[in-house]
Number of protein chains: 2
Amino acid sequence: MIDCGEGAQLQFRRTKLNFNRIYDIFISHLHGDHCFGLLGLISSMGMLGRTAPLTIYGHRDLEVLFKPLFDFFCKGLPFDVKFIAYNPNISELIYEDRSIQVYTIPLNHRIPTAGFLFRETIRERHILKEMIDFYNIPLKCIPAIKKGEDYVTPDGETVVNERLTIPPTPSRSYAYCSDTAPTDKIIPIIKDVDLLYHEATFAKSESKRAKSTMHSTAEDAATVAKKANVKKLIIGHYSARYSDDRVLLNEARLVFDNTILADENMCIEI
Amino acid sequence: MIDCGEGAQLQFRRTKLNFNRIYDIFISHLHGDHCFGLLGLISSMGMLGRTAPLTIYGHRDLEVLFKPLFDFFCKGLPFDVKFIAYNPNISELIYEDRSIQVYTIPLNHRIPTAGFLFRETIRERHILKEMIDFYNIPLKCIPAIKKGEDYVTPDGETVVNERLTIPPTPSRSYAYCSDTAPTDKIIPIIKDVDLLYHEATFAKSESKRAKSTMHSTAEDAATVAKKANVKKLIIGHYSARYSDDRVLLNEARLVFDNTILADENMCIEI
């Protein structure tokens, strides 16, 4: 889960998603609309009998601020809540499992803020079943071949991996960048991602306000997307002043065509 | 405003009520569903440019717990937030203005908890205009007469107040009692109120659970209402296990007929 604004648990309940399947929460920065929902979510996780530990990644002040409230309000919580502090000034690997890596993306906001890059670990090559049959390769050799190794037959003949496999499905990647003024420093980190979420709080008409509050316009977000050569851009975090978000969409699409608008409960396949 | 659960500001926005017209918030106890909305509500009050001070009445730990978060998240708040700690073990006057008094009601829950009694101050007697004209009473004497004083004519004749006025409209009163196990100690405090809100978390079938969690059943709430001779009872704080709240309503009405079910955004005239 990325960020946790007030009412996150209510939104989960509405969508019938089971929030006890969340094991890690990545908090971008300590503004209320990105973290005020933690207390309620974690209390409710406990009331629903969760036992699996939960890890929260955030600025070091997150633990300082929230720990006393967790200790008070969530006494006897049946699971562990672990805080991991990241350094918001550098891009670092903060999470890794068999299928995914998560890196921080240093952003440029009024307070220390980081985005998050989710990158699938390199997938395995696909076996060509007919070639495996042809060379009569035993099952125990398959894992190594999937990883790219050649096969040596009992007669000592080497079969190069390229004859036995085809390249893996490309690894997918998603970058989340909110809140931030536009910054070129993130371009190399988010280069070529499949999907970029970038905040677009304001339209061009409010660009002065965007600068002073260290937010982005829709055009800013699209320009970042273009420079980073991402495949798709999703913009969000719109100011409440826009009753019609298409103003923002249109401004973004002038710069980067493959842009869509974020919306409540939206689900996107990458 | 009484209590402030998570998402209170969102609920206000939906109802189009202006939450910057709130000057005082009374927090019954420090369980999340009664106070987790304070941070978001107060942040948003600030963002909407509020300047009027806000007073929060609660257990002394409320300030200890939330002050550091207000200081961090609401830096530069354009209004003052004042905490007033009440003693949850006694009934005391904690608020008073020209039209209303607010008293605490010591409740019986797992942690220190108080309900709140709202009582209109005694209203003024209604002037009988024809008698004022008959005695040719000057305007400057009217306020005293409204307060119940007799009138002395220039000739020294005393006209008793009862000839000049009729009794005031009765003062209205409302008692809020949540969360609590049923307790007879509150009866003298809430005696004869026009409206009693009393929690009714469980049905009779869950009375063991009600006892162990220090909550009330619908029957418990109705029994309190009956003993206190209140005019009307509203029950709420139902456990999520009841998909049909009428189970609770029916159980309550067997004991106290004039019972209604609380509901989102319900508005009741007293």
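# Reading a predicted model, feature by feature

Q: Leaving aside its neighbours within four places in sequence, which residues is Leu196(B) in contact with?

A: The model is a predicted one. In it, once neighbours within four places in sequence are set aside, Leu196(B) is in contact with Ala175(B), Cys177(B), Ile190(B), Ala225(B), Ala228(B), Val230(B) and Leu233(B).

Q: Which residues touch the most other members of the largest nonpolar core?

A: They are Leu196(A) and Leu196(B), within a core of 112 residues.

Q: How should I read the way one copy of the chain is placed against the other?

A: The general idea is that two copies of a chain are related by a rotation about an axis and a shift along it. Here a rotation of 180°, with 0.1 Å of shift along its axis, superposes chain A on chain B with an RMSD of 0.2 Å. The two copies are therefore related as by a two-fold rotation axis. In chain A, the C-alpha nearest that axis belongs to Gly7(A), at 2.7 Å from it.

Q: How is a sheet read, and what is the order of the strands in the open sheet of 3 strands in chain A?

A: As a general idea, strands of a sheet pair through backbone hydrogen bonds, either parallel or antiparallel. The open sheet of 3 strands in chain A has the order 1-2-3, with parallel pairing. Its edge strands are strand 1 (24-26) and strand 3 (81-85) of chain A, each of which pairs on one side only, and the twist averages 20° from one strand to the next. Strand 1 and strand 2 (residues 54-58) of chain A pair over 3 bridges in the parallel sense, and Ile25(A) stands opposite Ile56(A) in strand 2 of chain A. Helix 4 of chain A packs on the sheet, where it touches strand 2 and strand 3 of chain A, and its direction makes about 160° with that of strand 3 of chain A.

Q: Why is helix 3 of chain A described as largely enclosed by the rest of the structure?

A: The reasoning is a count: 9 of the 10 residues of helix 3 of chain A are buried, so the rest of the structure largely encloses this helix. Among the buried residues are Leu38(A), Ile42(A) and Met45(A). What covers the buried residues of helix 3 of chain A includes helix 1 (8-15), helix 2 (32-35), strand 2, helix 4 and strand 3 of chain A, together with helix 2 (32-35) of chain B. Just after helix 3 of chain A, Gly49(A) takes a positive phi of about 80°.

Q: Is Val193(A) buried or exposed, and is Asp192(A) buried or exposed?

A: The step of reasoning needs two cut-offs, since a residue is buried if 20 or more other C-beta atoms lie within 10 Å of its own and exposed if 12 or fewer do. Val193(A), which has 23 C-beta neighbours inside 10 Å, counts as buried, whereas Asp192(A) is exposed, with 9 other C-beta atoms within 10 Å. Val193(A) is found in the loop between helix 8 (187-190) and strand 12 (195-199) of chain A, and the place of Asp192(A) is also in the loop between helix 8 and strand 12 of chain A. Leaving aside neighbours within four places in sequence, Val193(A) is in contact with Ser173(A), Tyr174(A), Ala175(A) and Val230(A).

Q: What should I notice about the backbone angles?

A: Phi of Asp192(A) is near 65°, a positive value in a residue other than glycine. Lys16(A) also has a positive phi of about 65° although it is not a glycine, and its place is in the loop between helix 1 and strand 1 of chain A. Between Ser178(A) and Asp179(A) the peptide bond is cis, with omega about -5°, and the bond from Ser178(B) to Asp179(B) is cis with omega near -10°.

Note on methods:
Residues are numbered from 1 along each chain as its sequence is written. Chains are lettered from A and ligands numbered from 1 in the order in which they are written. This is a predicted model: local features need pLDDT of at least 70, side-chain atom pairs count only at pLDDT 80 or more; totals for chains, interfaces and linings use all residues. Copies are superposed by least squares on the C-alpha atoms of residues with pLDDT of at least 70 in both. Two strands pair if DSSP finds at least two bridges between them. Helices (H or I, at least four residues) and strands (E, at least two) are DSSP runs, numbered from the N terminus. Axes are lines fitted to C-alpha atoms, for helices over the stretch in contact, and angles run from 0 to 180 degrees between N-to-C directions. Two residues are in contact if their C-beta atoms, placed from the backbone, lie within 7 Å. A nonpolar core is a set of buried Ala, Val, Leu, Ile, Met, Phe, Trp, Tyr and Cys residues joined through C-beta atoms within 7 Å.
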